[in-house]
There are 2 protein chains.
Amino acid sequence: MPMDVTAPIERRPLHNELAERLRHLIVEGDLAPGEKLSERDLCSRFGVSRTPLREALKVLSAEGLVRLTPHRGAAVANLTLEDLEEAFPIMGALEAVAGELACMHITAAEIAQLRTAHEKMVAAYEAGDLGGYFALNERIHETILKAARNPTLAQMQRGLAGRVRRARYMANMSASRWAQAVGEHEAILEALETRDGERLAMLLKTHLANKLVTVREALTADEDGSRND
Amino acid sequence: MPMDVTAPIERRPLHNELAERLRHLIVEGDLAPGEKLSERDLCSRFGVSRTPLREALKVLSAEGLVRLTPHRGAAVANLTLEDLEEAFPIMGALEAVAGELACMHITAAEIAQLRTAHEKMVAAYEAGDLGGYFALNERIHETILKAARNPTLAQMQRGLAGRVRRARYMANMSASRWAQAVGEHEAILEALETRDGERLAMLLKTHLANKLVTVREALTADEDGSRND
DNA sequence: CTTATGAATTTTGAATACAAAATACATTCT
DNA sequence: AGAATGTATTTTGTATTCAAAATTCATAAG
């Protein structure tokens, strides 16, 4: 397949590339919460000098993924139960407005897309495929966010989601909670299809609140296992 | 008066200090939207080298106050009508949850404080003191935010408020709108005093939505005067 | 044996130096 | 005259260097 020679040449500053890579490493859990981020190590790892690396760390710090301590360096931000308790109500509120706005702007084609994704997700659920379920779940929420036609809102929501993404393994949904979540998603989709913004907002907010309950339970269950300070 | 020798010695990195100063300059409008931020100029102005300055600019860029263009430098982010249209619904949603949470956590003492501030604000309104009104208005919203006991939420709301603060001169409230705003505030306070979270959420959301309408009108009125691209 | 003390080492903070890209400007050609 | 091209200058991007602070580790005192 011939490459498109008219496509713009990809050129980005190092600090951008670095920020993105580090963000990915942190959000995906490849860098453990609390892990010290030695500038020297990261520099040799990425083959760059300290200047762009430090600039990237400042950005990630502003995003809440990295904690900088003066004269003591950078570390991957810890994800405490408190952080989750704070983040989820905010995410709930943001998803709620996103839902309202989406009802106003979403196209029929997008709704159809969502319905397809939803059915695939239900199939994943019935097959017990947790990974596939999570992936489709994210795609659905991402699509709603996009349909809200508010880039600022989307960016804030993604930033928050990135911060708490590392907790998704803690969740460890019970069978009953999983079933409940699927049910909630069905209702969410119906509200979208009828463009009932108010109802959708309520559903999304509740959905997030329930998610928090699950995470909280999973986290307080193995109290001793959560030694991350 | 003897100085407290046991007080911790104030020591902060330059990039922190720089970020804070620049943030203030931008938010308060001392640096005009769209204004180019030459590294050389800022360095000589603050008497620092480029390294910490650049780190500060990265942070402000992440906050949305500065726009960085590769190989083309930094500029104060422009505040378009679109930005406001995006920001206000988000602020409304955030204030709404803040209100709900505040109803759950606020103390009687804090409610009393709010009532006092509110009455002073009404007095400022009746005296036609727009500056005093704005200041007290901000303090009230700030207090509600604090009463929500959710630092993450407060930080996000402040970040958003900072971005749009520059628009507060555009608003140019009409007498009728001003009266309406005061009325809304009275209702907000009553909801807080009765700890009616749901009602408070609705009121705050409406309050913000109305504010947007005002700003939008002020902005579309002098269409030609808003040449800021 | 435990706890301080202090030097050596490592790591971060900031400034300078060097390289690459963009802008401004003069010159040439049509 | 106007557009285009090439060169000089300025500005940004990155690396390196220097300075200051924190950590480590060895040593000595209690």
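**A walk from the core to the DNA**

Of the 78 residues in the largest nonpolar core, A:Val97 and B:Val97 touch the most other members. Keep in mind that this is a predicted model. Pick B:Val97 and look at its partners, leaving aside residues up to four places away in sequence: from chain A there are A:Pro89, A:Ile90 and A:Ala93, and from chain B there are B:Leu153 and B:Ala201. There's also a second, separate core, made of 34 residues, with A:Leu18, B:Leu31, B:Leu65 and B:Val66 among them.

Now for the place where the two chains meet. Here 25 residues of chain B are in contact with 25 residues of chain A. On the chain B side, helix H3 (50–63), helix H4 (81–105) and helix H7 (151–165) each put in at least two residues. H4(B) gives the largest share of that side, with 9 residues. Sorted by class, the side of chain B that touches chain A has 15 nonpolar, 4 polar and 6 charged residues.

Next, move over to DNA strand C. It is surrounded by 18 residues, and the closest are A:Gly73, B:Leu14, B:Ser49, B:Thr51 and B:His71. Both chains take part: helix H2 (39–46) and helix H3 (50–63) of chain A, along with helix H1 (14–27) and H3 of chain B, each give two or more residues to this surface.

Chain A has 10 helices and 3 strands, and along the sequence they run α-β-α-α-β-β-α-α-α-α-α-α-α. Its C-alpha atoms fill a box of roughly 55 × 55 × 30 Å along the principal axes. Of the 229 residues in chain A, 34% count as buried. As for how the chain folds back on itself, take the contacts in chain A with a separation of 6 or more: 74% of them join residues 24 or more positions apart.

Why does A:Val215 count as buried? Because 21 other C-beta atoms lie within 10 Å of A:Val215, and the cut-off for buried is 20 or more. The C-alpha atoms of A:Val215 and A:Leu84 are separated by 8.4 Å, although the two residues are 131 residues apart along the chain.

Technical notes. Residues numbered from 1 in each chain as written. Chains lettered and ligands numbered in written order. Predicted model: local features only at pLDDT ≥ 70, side-chain atom pairs only at ≥ 80, totals over all residues. Contact = placed C-beta atoms within 7 Å. Helix = DSSP H or I, 4+ residues; strand = E, 2+ residues; numbered from the N terminus. Nonpolar A, V, L, I, M, F, W, Y, C, P; charged D, E, K, R; others polar. Core = buried A, V, L, I, M, F, W, Y, C linked by C-beta atoms within 7 Å. Buried ≥ 20, exposed ≤ 12 C-beta atoms within 10 Å, placed from the backbone. Near = placed C-beta within 6 Å.
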